[in-house]
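Student: Please walk me through the structure shown below.

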Amino acid sequence: MSRLRALWQASFNASKRALVWSSDDLMPPSERYIFNFNSKDELKRWHLYSDSEYGGLSSASLEITDSTAGADTSLTGVFSGNLSSDMSEDSTWRIRRYGFCGMRSKKFDGFIDLDAYDTIAMKIKGDGRCYISTIYTENWVNSPGQQEDNSWQAFVHTPQDRWQILKIPLDHYLPTWRGNVIEAKLEMNPARIVGMSLSVNAEGGVPGAKTGTGDFRLEVDWIKALRTV
């Protein structure tokens, strides 16, 4: 092949790759995995928290275990533990509510861009309790001096001992500050998501959900972003 023809071929191939990239960028796939609990390596992406950090006696664990997720037998994540309204006798903390646990993802490498998607979907099996799905975005709602990420929350009601695929439109997530809904018209920036979490409280939730202290268990197969429109 002549040198001129080789240069032409290289230029053609580069242009072709650029066109393919542009096409994928304009029309991303209709769904995107965010978390998939099919390996013990997934545990490295999460950390646990609970009221025990403030003198409470609640406890939580996260493990990967064999499960029958629908018709298939596979590995899934199990978030479980015990909710307690008691506090340690030597606690110096004074918080209003005890009885909460959560699993929060470690911060993404920078952020993930879900601007092309409109829904969060998760395949879960619960215990009848109401859980809270939280999306964390870069801080622009709160004061610039505050270090906390912005948080957007939605309830996740889990029928007992039955797998389901739950879909939550992004515009159903409400802006919150330390667990309280912000009474202002704010919109999430889905292009700058830095993390997610699932949590459970002993009290509160949707009507009909199981409440109170005691054991909890939530099994998670995967979490995805969907484009439905």
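**Loops, core and rings**

Student: Where is threonine 158 found?
Tutor: Threonine 158 is in the loop between strand E8 (150–157) and strand E9 (163–169). Helices (H or I, at least four residues) and strands (E, at least two) are DSSP runs, numbered from the N terminus.

Student: Before we go on, what kind of model is this, and how are residues numbered?
Tutor: It is a predicted model, in which local features need pLDDT of at least 70 and side-chain atom pairs count only at pLDDT 80 or more, while totals for chains, interfaces and linings use all residues. Residues are numbered from 1 along each chain as its sequence is written, and side-chain values use heavy atoms, with hydrogens and water left out.

Student: What is the mean pLDDT, then?
Tutor: The mean for the chain is 84, and 80% of the residues reach 70 or more. Over residues 1–24 the pLDDT is below 50, and beyond near neighbours in sequence this stretch has one contact in the model. Here pLDDT is the predictor's confidence in each residue, from 0 to 100, and a contact means heavy atoms within 4.5 Å.

Student: Back to threonine 158: buried or exposed?
Tutor: Threonine 158 is buried, with a relative accessible area of 1%. Buried means under 20% relative accessible area, exposed over 50%, and partly exposed in between (1.4 Å probe, protein chains only).

Student: What does threonine 158 touch?
Tutor: Leaving out residues up to four places away in sequence, threonine 158 touches Ile124, Gly126, Asp127, Gly128, Arg129, Tyr131, Gln164 and Leu218. With Tyr131, 27 residues apart along the chain, the C-alpha separation is 7.6 Å.

Student: Which residue in that loop has a positive phi?
Tutor: Aspartate 161, also in the loop between E8 and E9, has a phi near 55 degrees, a positive value in a residue other than glycine. Most residues other than glycine have a negative phi. Aspartate 161 counts as exposed because its relative accessibility is 59%.

Student: Now threonine 134: where is its place?
Tutor: Threonine 134 is in strand E7 (residues 130–137), and is buried at a relative accessible area of 1%. Its contacts, not counting residues up to four places away in sequence, are Ser151, Trp152, Gln153, Gly195, Met196 and Ser197. Threonine 134 and serine 199 are 65 residues apart in sequence, yet 8.1 Å apart in space, C-alpha to C-alpha.

Student: How many helices and strands are there in total?
Tutor: The secondary structure comes to one helix and 13 strands.

Student: How many residues are in the largest nonpolar core?
Tutor: That core has 37 residues, and those with the most contacts inside it are Ile34, Phe79, Leu114, Ile120, Met122 and Tyr173. The largest share, five residues, comes from strand E13 (residues 214–226). A nonpolar core is a set of buried Ala, Val, Leu, Ile, Met, Phe, Trp, Tyr and Cys residues joined through side-chain atoms within 4.5 Å.

Student: What does methionine 122 touch?
Tutor: Among its contacts beyond four places in sequence are Val156, Ile165, Leu198, Trp222 and Ile223.

Student: How many aromatic pairs turn up?
Tutor: A search of the whole structure finds six. Phenylalanine 35 and tryptophan 46 have ring centres 4.5 Å apart and planes at 50 degrees, so that pair is tilted. Rings of Phe, Tyr and Trp (its six-membered ring) pair if their centres lie within 6.5 Å; planes under 30 degrees apart count as stacked, over 60 as edge-to-face and the rest as tilted.

Student: Which parts does the pair tie together?
Tutor: Phenylalanine 35 lies in strand E1 (residues 31–36) and tryptophan 46 in strand E2 (residues 46–50), so the pair ties together parts that are eleven residues apart in sequence. Phenylalanine 35 is buried at 1% and tryptophan 46 at 5%.

Student: Which charged ends sit over rings?
Tutor: The charged end of arginine 104 sits over the ring of tyrosine 136, 3.5 Å from its centre. Lysine 123 is placed likewise over tryptophan 163, 6.0 Å from the ring centre. The criterion is NZ of Lys or CZ of Arg within 6 Å of the ring centre and within 35 degrees of the ring normal.

Student: Last topic: how many disulfides?
Tutor: The structure holds zero disulfides, a disulfide being a pair of cysteine sulfur atoms within 2.5 Å. Cysteine 101 counts as buried at 0% relative accessibility, and cysteine 130 counts as buried at 6%.
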